[in-house]
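Good morning, and thank you for coming. Please have the sequence and the model in view while I go through a few of the features.

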Amino acid sequence: MGSRIKESPGSPFEVYMEVVHSGTAGSGPEVRRSFPDTYTDQETLQTIPKFCFPFNMDSMTVGQVGQNFTFVLTDIESKQRFGFCRLSSGAHSCHCILSYLPWFEVFYKLLNILADHTTKGQDSQWRELLESLHTLTIPDPGVPVHLSVHLFFTVPDPRELPSIPENRNLTEYFVAVDVNNMLHLYASMLYERRILISCSKLSTLTACVHGAAAMLYPMYWQHVYIPVLPQHIIDYCCAPMPYLIGVHSSLMEKVRGMALDDVVLLNVDTNTLETPFDDLQSLPNDVVSSLKNRLRKVSSTTGDGVARAFLKAQAALFGSYRNALHIEPEEPITFSEETFITHRSSTMRQFLQNAIQLQFFKQFIDGRLELLNSGEGFSDQFEEEINIGEYAGSDKTYQWLFTVKKGSGAILNTVKTKANPAMKTVYKFAKDHAKMGIKEVKSRLKQKELTENGYSEEPGSTHLPSTQSKDSLTWDQRRPITVHFGQTEQFRSLRPPRPQRPPPPDPSKLHRSTRPVRPPRPLVPKRPRSNIGIEGSPEHYMRPTRHYTVFLCEDSSGDELSQDDDSIAAFPEHLLLSAPFEWPQPYRSLKEAELVEEGCLP
């Protein structure tokens, strides 16, 4: 995927060297000792000393003693080898260890211990520590390693985002450079400019270069990459191709005397940036604004907030590449540049038209396609951020594959559907209504069972929503509720008459007195202004009250009532048990009341 880190090197480090420099005019660096003794790569042995003192020795001060910095060498396969260094003895001695592993904190700690052994003349401890590390089988990420009383560490995980303060490079970069200059430098790297970074402190200089490059994740700078420039190759500053170079401030006077055309220059000491381009203004405004706000929010916090802010910006810019992957049966997966550009907004299209020509983006796409077509698959922080974030392409449902198998082309093996929030809402709506339908069917079956057992329904009893079709209802039944609410059955001429009431029991059996019992006088309240009683009024409390209960089938599994994220939150739990139900008081006009008193109406 364009990474310039070598996978599975044979040993934690290649060679250790102690290099000294007398500091006199005309003299050069010399190797005092090295480990292992069997290392025979003469080109590397001659190159390392030149990178150990990347500054003007005449301007060097005692303040540089004890500094850790890192240079980078590139092998024949374009893989990076990191030269971890520590200056000591008045900046005239440098301990250096060369490794393919970007374990900055681990090797900086090792160099401090080795320098201490050298100062105390503890050669046996010095050699024993190097031997134990050189013969160590590289453990998996996250595994603790204990080599000596002073050196113990946990293997770094390259899949994790760098965090503050654990990651020294990102910490020093974020402290030394303000947010505005970080954004300008990020934009310049996205356009692959020629970039120079200068600083008077070597540790801060190389940390800023490494830290800035790491913010391009999941992509990698593919051009000239020199975290600290030694004097013998200072002409690289005039190279016509893109580069990212760190220069010690003692050499900047000589560099400025060269023909530097279209170069972006960041001075870390003064926190100023010079650029002839409007790269930051060329980026989409929403991406820049969001990134700036996130960086300011995490300016006083620790953790991976800074790295994640840049990761979100990368996902917003390039996350839609997945929509441009073309998958055909029995054919390799390909990437369509036209599809990648055309489905975005006008401001984003202007940036993407340039982005498809960038070397780091091409390497990124080639790496993704290689993993997909080989069947290896991939999953990293970038893909996870696209899945959980709301970025371009999330306005529709698309299929994303994690692994594919090779066989007469690319065959889809595993797919995962990523739905946007709108689709998730539709799914939840349908699921909830399906649950309501199940409960309705169960209730209707229960009512049918009660009816068959002789428990006939009383007029006006409560029902769950019926599945009866609209056409089967009479016109009167489908009238608005304000038309027939509370009317007696006599005035509903279009509906079937109410069944006759059973004759009252013989009063002689209930009362011994021969005096006839007067029937109770019906309650005739005043004519209300509406069909809704006012709570707290006498009419409200005089109405008869009954209870209804929603019955569940005995074999109900109860899963539709489980309290999970997909439960139906619109129905409180107590409504599923028992609640009072008030019969509406029949609406009678004054004329009807008189007829009732005379016995003409029931």
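In what order do the five strands of the open sheet stand? The order is 9-10-8-11-12, and the pairing is mixed. Two strands count as paired if DSSP finds at least two bridges between them. Helices (H or I, at least four residues) and strands (E, at least two) are DSSP runs, numbered from the N terminus.

Before I continue, a word on the source. This is a predicted model, in which local features need pLDDT of at least 70 and side-chain atom pairs count only at pLDDT 80 or more, while totals for chains, interfaces and linings use all residues. Residues are numbered from 1 along each chain as its sequence is written, and side-chain values use heavy atoms, with hydrogens and water left out.

Strand 11 (residues 263-267) and strand 12 run antiparallel and are joined by three bridges. N267 has T272, in strand 12, as its bridge partner.

Helix 6 packs on this sheet and touches strand 8 (194-199), strand 9 and strand 10 (243-248). Contact here means heavy atoms within 4.5 Å. The direction of helix 6 makes about 165 degrees with that of strand 10; axes are lines fitted to C-alpha atoms, for helices over the stretch in contact, and angles run from 0 to 180 degrees between N-to-C directions.

Is helix 6 largely enclosed or largely open? Twelve of its 13 residues are buried, so helix 6 is largely enclosed by the rest of the structure. Buried means under 20% relative accessible area, exposed over 50%, and partly exposed in between (1.4 Å probe, protein chains only). Among the buried residues are L205, C208, V209 and H210. Helix 6 covers residues 202-214 and reaches 18 Å from its first C-alpha to its last, close to the 18 Å expected at 1.5 Å a residue. That expected span is 1.5 Å times one less than the number of residues.

I turn now to the backbone in several loops. The peptide bond from Y217 to P218 is cis, with omega near 15 degrees, and P218 lies in the loop between helix 6 and strand 9. Another cis peptide bond runs from F35 to P36, with omega near 0 degrees; P36 is placed in the loop between strand 2 (30-35) and helix 1 (42-51).

S78 is not a glycine, yet its phi is positive, at about 65 degrees. S78 sits in the loop between strand 3 (68-74) and strand 4 (80-88) and is partly exposed, with a relative accessible area of 40%. E330 also has a positive phi, near 60 degrees, and is found in the loop between strand 13 (325-326) and strand 14 (334-335).

Finally, confidence. The chain averages a pLDDT of 75, and 63% of the residues score at least 70; pLDDT is the predictor's confidence in each residue, from 0 to 100. Over residues 456-494 the pLDDT is below 50, and this stretch has 41 contacts in the model beyond near neighbours in sequence. Residues 527-587 also have a pLDDT below 50, with 72 such contacts. Where pLDDT is low, the predicted coordinates should not be read in detail.
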